[in-house]
Amino acid sequence: MARPARFLPAALLLASALAGGSGRPIQPLAPPEIRAPVRELAVAARPDGTLLLAALIDNGRFNSGRGTSTARVLHTWTGGPGGWTPVGDILNYHQPRPVAGLNLVADAQGGALLAWNENYGDNDVVEFRALAGDTWTDWGDRYLGDDLPYAARTRAVALWKGQPLLAWGEWLRDPGGSQLTVRTWDDTQESWVRGPRFNDRAQFSRTPALAVTRAGRPIDRKSTRLNSSHRCISYAVFCLK
């Protein structure tokens, strides 16, 4: 039996997105039919008004040799008042594997970017796909991994004219501290290229947020822990070449 109640928050969120602040009555959307628990979901709106929905769904238990975990699969749909259409099949590259930390963003050209975490042994690996037309790309070679979960889970993503941008956190060993940079993909080097550090390395920075202006200027916000009870929020602006 399907479990639409698990998608109730998504239905409310999507209804608000459709309303668009125009004063029209809110129109709730029925969720896609899913027959397993949904652990995470994300939604993005494209310029033509269609919606993108991504969900991490439980897919049984498995033993990796290091213990028993819940496997999850990543699915996406496009939709609107007429219903939902799946986009691709299972999108996480490796199964069975624990999956978490879902990100979904869209750009002004109608493209989209997915990012998620897959736990691989002692590493927390971040994987990516981009939506080109109605097909998700195979970006398995663009993964980022680190043996410190702080790095792989301290991130924000954005997309500009199909180009992915990451606000990425690293926990430095020598010298100590944390480092936040905006990373972009370099096709020539076939690697992620760091921009300048925009945080105070002596402070523990986390929970970045990233947006891109119409001109392609990334604007990053971070939360910095000053001590056990105080935090500050800082901003940094970058220009893409």
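Two strands count as paired if DSSP finds at least two bridges between them, where strands are DSSP runs of E of at least two residues, numbered from the N terminus. Please keep in mind that this is a predicted model, in which local features need pLDDT of at least 70 and side-chain atom pairs count only at pLDDT 80 or more, while totals for chains, interfaces and linings use all residues. Residues are numbered from 1 along each chain as its sequence is written, and side-chain values use heavy atoms, with hydrogens and water left out.

I begin with the sheet. Its 4 strands form an open, antiparallel arrangement in the order β10-β11-β12-β13, with β10 (155-160) and β13 (191-194) at the edges, each pairing on one side only. Between β10 and β11 (residues 163-172), which run antiparallel, there are 6 bridges, and Leu159 stands opposite Pro164 in β11.

Now to the interior, where a nonpolar core means a set of buried Ala, Val, Leu, Ile, Met, Phe, Trp, Tyr and Cys residues joined through side-chain atoms within 4.5 Å, buried being under 20% relative accessible area with a 1.4 Å probe and protein chains only. The largest such core has 31 residues, of which Leu74, Leu102, Leu104, Leu114, Phe128 and Trp136 touch the most other members. Both β10 and β11 are among the elements that give two or more residues to this core, although β6 gives the most, with 5 residues.

Which residues does Leu74 contact, leaving aside its neighbours within four places in sequence? Taking contact as heavy atoms within 4.5 Å, its partners include Ala54, Leu56, Ile90, Leu102, Leu114 and Trp116. A second, separate core of 11 residues includes Leu29, Val38, Leu53 and Ile57.

Technical notes
Buried < 20%, exposed > 50% of the residue type's maximum accessible area, 1.4 Å probe, protein only.
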